[in-house]
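My notes are below, in the order I looked things up.

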Amino acid sequence: MNRRLENCWNSNEPRGFMKTKTSADQRLHTQPWWNAQQQSGMPVHRYQRAEPQELLEPGTRTWLGRAPAHAPLWSSVDLRDGNQALANPMDLRRKRKMFDLLVRLGFKDIEIGYPSASETEFEFVRHLITGGHIPDDVTVTVFTPAIPELIDRTFEAVRGTDRAVVHLCHATACLWREVVFRKTPSEVMALAQESAQRLVRLADRADGAIRFEYSPETFNVTEPQFALEIANTVAEIVEATPERPLTLNLPSTVEMHAPTVFADQIEWMSRNLDRRDGIILSVHPHNDRGTAVAAAEFALAAGADRVEGTLFGNGERTGNVCLITLALNLFSRGVDPQLDLSDIPSVRRAAEECNRMPVPDRHPYAGDLVFTAFSGTHQDAIAKGLLHLEDQAAAAGVPAAELPWDVPYLPVDPQDLGRSYEAVIRVNSQSGKGGIAHVLRTRWGIELPVALRAEFARVVQRVTDLSGTEVDPGRIWDVFRAEYCDAGDWAGFTAPASGDDPAEALLAAARAYGVDAHVEQLVRDEGGPGSGARHVCYAQLFVAHEPVWGAGLGATAGEATVRAVLSALHRSGARPGNGGSVPQLTGAREGAR
Ligand SMILES: CC(=O)SCCNC(=O)CCNC(=O)[C@H](O)C(C)(C)COP(=O)(O)OP(=O)(O)OC[C@H]1O[C@@H](n2cnc3c(N)ncnc32)[C@H](O)[C@@H]1OP(=O)(O)O
Ligand SMILES: CC(C)C(=O)C(=O)O
């Protein structure tokens, strides 16, 4: 661990964190190896320091270190919060595709839009309701601001539904109250009361069962006491009960603090709400600080029941919390995510089409590169881990997919998410022998002898250093064959009588021409399906007292052996018929040794 961090973390003074850090810095600055950092010159004075909040009594926080035991209630807001952040909001076709995808994945709680915002939004809600496209086990939510005519329009949109949730939202934080709404706290309280009363009246008149969701938007930067009061007031007006609960959704509309602060806010709300058992406590983290996933996980540990987010984290600015990441974090720690993400590539394709936005290469679980190692030591460990798993499976007589997953550098088995091992190891100049041998084994069915791996890795390294790019498995195979499977001038060389040992017979014949060669080792193997040959042989010869490898592929073991020996002779630089002279060494052979 970084010494500097270690010093901070080991501190016994939790409240004096900054002080301890400074003194650790000062101590380290006196070390001769420490380069003092300089002031950035950035306008840091424009930003507020994070002051520790004292929401929870010291020592009473319960969320810290609590591991999740089950999945939360998931709510997708792709069709509302995700959609409103797109340059080109979804049209009806894309909205329907997203809805069907969410249903297929197992979402039971889907916010389908903001019907008073546009005709498309309204029409989509009508399409789902009048077309009977909402499965019986799915409840849809529609969003409305606290504006009377828009609330009325929202109820028009859900007319005829047998059940729906109407989601009322307005900001509560001081900056929004004063600058956006130009209202006092009591006027904002009145806005919440009047809007909630309107919801109740309209729901009473509606045919179906309407439930409510209430979001004090900007909750995370609202004075906690005010947020609590307004939430209690709305819960009272809608008469939240366990039978007809209110979803109280607490957003970090713009993430401003560490996830630990959010967790304390949620635990405090959960403890202090009047009608807690009539409330589904929900969170809606955004990712402005890049910590939305942590915030959601801590908030769930702190008492939240439900999470609103989107697939791959699409949403305003840096996005909403990514539900795929949250769900697969549970999965990878042995908790059923209650969403079927076993074909993540197809989920990604559908989301990319609907959002017209690519999922980044480094996106957890779904990005192109997240199960790929280019670096040699990682590749080596992964290749050994996969082989170890196969060995364990063979010993237990069960498929590897049934064994507990424990492979270095890979938090989950890519195959459990519908991804393959193909891209797990990719080769460039950062790669090493273990990874290259893995590619030959898995793509070409060639088990390179351990003694040859380092040498071949240097051959590949020359190629990657020259090109500066990745080499794909096809190119690695070509390089291997060009380097080790070419008999050159020796191609037509035959022994008078090959006998039982074709290698020895050949070398005896070669020696008759004055080539000083003998076999050091022969490694024979079956050629895998990719190699196109039934047999493969690796021959290590000593030619003029120098070791040299060759390889041969053939329909029979004998044929493969002959080819391997001839290729090794060719690589040694010796030439057939050069009449007893010491073989000439070629540049190629020197480099490959
Ligand atoms: C945090 C969230 O994600 S909230 C959802 C946000 N989603 C969207 O903005 C996408 C849909 N589009 C809209 O909501 C539009 O802005 C519409 C439909 C409200 C149309 O609004 P317009 O009448 O054109 O007004 P505009 O958007 O410029 O301004 C919003 C007005 O509503 C007020 N307002 C904003 N949010 C709310 C709210 N939740 N409840 C009540 N009033 C609100 C603003 O203070 C402003 O009032 P003002 O006109 O008195 O200054
Ligand atoms: C409407 C609320 C939940 C929201 O989208 C936000 O605060 O980001």
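Predicted model: local features only at pLDDT ≥ 70, side-chain atom pairs only at ≥ 80, totals over all residues.

These entries go from the whole chain down to single residues.

**Overall build.** I counted up the secondary structure and got 20 helices and 11 strands. Then I checked how spread out the protein is: its radius of gyration is 33 Å, well over the 25 Å that the globule rule gives for 593 residues, so the protein is more spread out than a compact globule. Along the principal axes, the C-alpha atoms fill a box of roughly 105 × 70 × 45 Å. I also looked up burial, and buried residues come to 39% of the 593. As for contacts with a separation of 6 or more, 67% of them join residues 24 or more positions apart.

**Domains.** Where do the domain bounds fall? The domain assignment gives domain 1 as 64-355, domain 2 as 376-417, domain 3 as 433-484 and domain 4 as 487-572. I took the C-alpha centres of domain 2 and domain 4 and found 35 Å between them.

**Cores.** Nonpolar side chains tend to be buried together in soluble globular proteins, and I went looking for that here. The largest nonpolar core has 88 residues, and the members that touch the most others are Val234, Ala296, Ala299 and Ile324. I picked Ala296 and listed its contacts, leaving out residues up to four places away in sequence: Val283, Pro285, Val307, Val321 and Leu326. Apart from that core lies another one, of 51 residues, including Ala383, Ala533, Val536 and Trp549.

**Helix H4.** Which residues of H4 are buried? I got Lys95, Met98, Phe99, Leu101, Leu102 and Leu105. Seen down the axis of H4, these buried residues fall within an arc of 160°, so they line one face of the helix. The face turned away from the buried side of H4 carries the exposed residues Leu92, Arg93 and Asp100. What do the buried residues of H4 pack against? Their partners are strands E1 (73-76) and E2 (109-113), plus helices H3 (78-84), H5 (119-130) and H13 (344-355). Just after H4, Gly106 has a positive phi of about 110°.

**Positive phi without glycine.** Most residues other than glycine have a negative phi, and I noted two exceptions. Glu239 has a positive phi of about 55° and sits in the loop between helix H9 (224-237) and strand E6 (246-252). Glu239 has 13 C-beta neighbours inside 10 Å and counts as partly exposed. Gln338 has a positive phi of about 60°, and is found in the loop between helix H12 (323-332) and H13. Is Gln338 buried, exposed or partly exposed? Partly exposed, with 17 C-beta neighbours inside 10 Å.

**Thr494.** Last entry. Thr494 lies in the loop between helix H17 (473-484) and helix H18 (502-512). I counted 12 other C-beta atoms within 10 Å of Thr494, which makes it exposed, since the cut-off for exposed is 12 or fewer. Thr494 and Leu506 are 12 residues apart in sequence, and their C-alpha atoms are 6.6 Å apart in space.

Conventions:
Residues numbered from 1 in each chain as written. Chains lettered and ligands numbered in written order. Helix = DSSP H or I, 4+ residues; strand = E, 2+ residues; numbered from the N terminus. Rg over C-alpha atoms; globule rule 2.2 N^0.38 Å. Buried ≥ 20, exposed ≤ 12 C-beta atoms within 10 Å, placed from the backbone. Contact = placed C-beta atoms within 7 Å. Arc of directions from axis to C-beta. Core = buried A, V, L, I, M, F, W, Y, C linked by C-beta atoms within 7 Å. Domains from an automatic or database assignment.
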